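This briefing concerns the packing of a protein chain. Please consult the sequence and structure shown here before reading the points that follow.

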Amino acid sequence: MPNRTFAVFAPAAIAGSLAGRLLGRGDEIFYCTANDADADALEPKCGADHVLAPVEVESSNKMNDAFATMPQELDGIIFCAKESASTKLSELEFHDFEEDVFTRVLGAFNTFKSGIRSLKTGGCFVFMSGLATSTAIRAAEYALIEDMRKDDEVVRKNVRIHHIMTPTPSEAPTHVRASVAGVIVKCLEQEMNQDLVMNPSSC
């Protein structure tokens, strides 16, 4: 029997580093990939039966289907949004801005909405995202996290909701990804909600 069971929605680079830490201590991971390439990269570590078919996090129906294939008593759910296409708002295309909103805000909402039913009492969510180009998107993320924490089901089940902001790209060097994964693992152990902004010099 595994120590604990987690669902992970993250780019393969971050998920791979995270898997090394969690699997190494006897935990079980169900990884939801965004594309076939990520799935192929994760299968050797997580096992083919623990790597689910590609899922669009902005689709509530597909997220419901993804959670339906996992154990119904998860200890934690980890969601890592992919980074913005550009750090300059004036250079950001409309499509990229729209994708930022869909992935970071709607994706986080769908993860929460679909996942809360599968989360154990006393379990946790970890939401991680890079520093958004737009302060409006960051504000929406923060507001969504606060609304989640006040939700009746979250209070009833004593669920912790952690939020990590990092300037670190998911395709960063191995030691940097390991640092990000380490912060996520530490959040999983915390008994109080955590709001963290990672300093680039600490990565």
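**Packing in the predicted model**

Leaving aside residues up to four places away in sequence, His162 touches Cys124, Phe125, Val126, Phe127, Arg149, Cys187, Gln190, Met192, Asn193 and Gln194. The model is predicted.

- His162 is located in strand β6, which spans residues 160–166.
- Because its relative accessibility is 0%, and buried means under 20%, His162 counts as buried.
- A polar atom of the His162 side chain lies 2.9 Å from the backbone oxygen of Cys187.

**Nonpolar cores**
- The largest nonpolar core has 29 residues, of which Val8, Leu18, Tyr31, Ile78, Val126, Ile164 and Ile184 touch the most other members.
- Two or more residues of this core come from each of β1, α1 (12–24), β2, α2 (36–46), β4, β5 (119–130) and α7 (174–188).
- Helix α7 provides the largest share, seven residues.
- Ile184 is in contact with Ile14, Leu18, Ile78, Cys80, Val126, Met128 and Ile164, not counting residues up to four places away in sequence.
- A second, separate core comprises 28 residues, including Cys32, Val55, Leu144 and Val154.

- Met63, Ala66 and Phe67 are buried in helix α3 (residues 60–68).
- These three lie on the same side of α3 because they cover an arc of only 95° around the axis.
- The buried residues of α3 pack against β1 (5–9), β2 (28–32), β3 (51–52), β4 (74–80) and α4 (94–115).
- Exposed residues Asn61, Asp65 and Ala68 are carried on the face turned away from the buried side of α3.

Technical notes
Residues are numbered from 1 along each chain as its sequence is written. This is a predicted model: local features need pLDDT of at least 70, side-chain atom pairs count only at pLDDT 80 or more; totals for chains, interfaces and linings use all residues. Side-chain values use heavy atoms; hydrogens and water are left out. Buried means under 20% relative accessible area, exposed over 50%, partly exposed in between (1.4 Å probe, protein chains only). Helices (H or I, at least four residues) and strands (E, at least two) are DSSP runs, numbered from the N terminus. The arc is that of the directions from the helix axis to the C-beta atoms. Contact means heavy atoms within 4.5 Å. A nonpolar core is a set of buried Ala, Val, Leu, Ile, Met, Phe, Trp, Tyr and Cys residues joined through side-chain atoms within 4.5 Å. A polar contact is a pair of N or O atoms within 3.5 Å; within protein, one must be able to donate a hydrogen and the other to accept it, and residues adjacent in sequence count only if both atoms are side-chain atoms.
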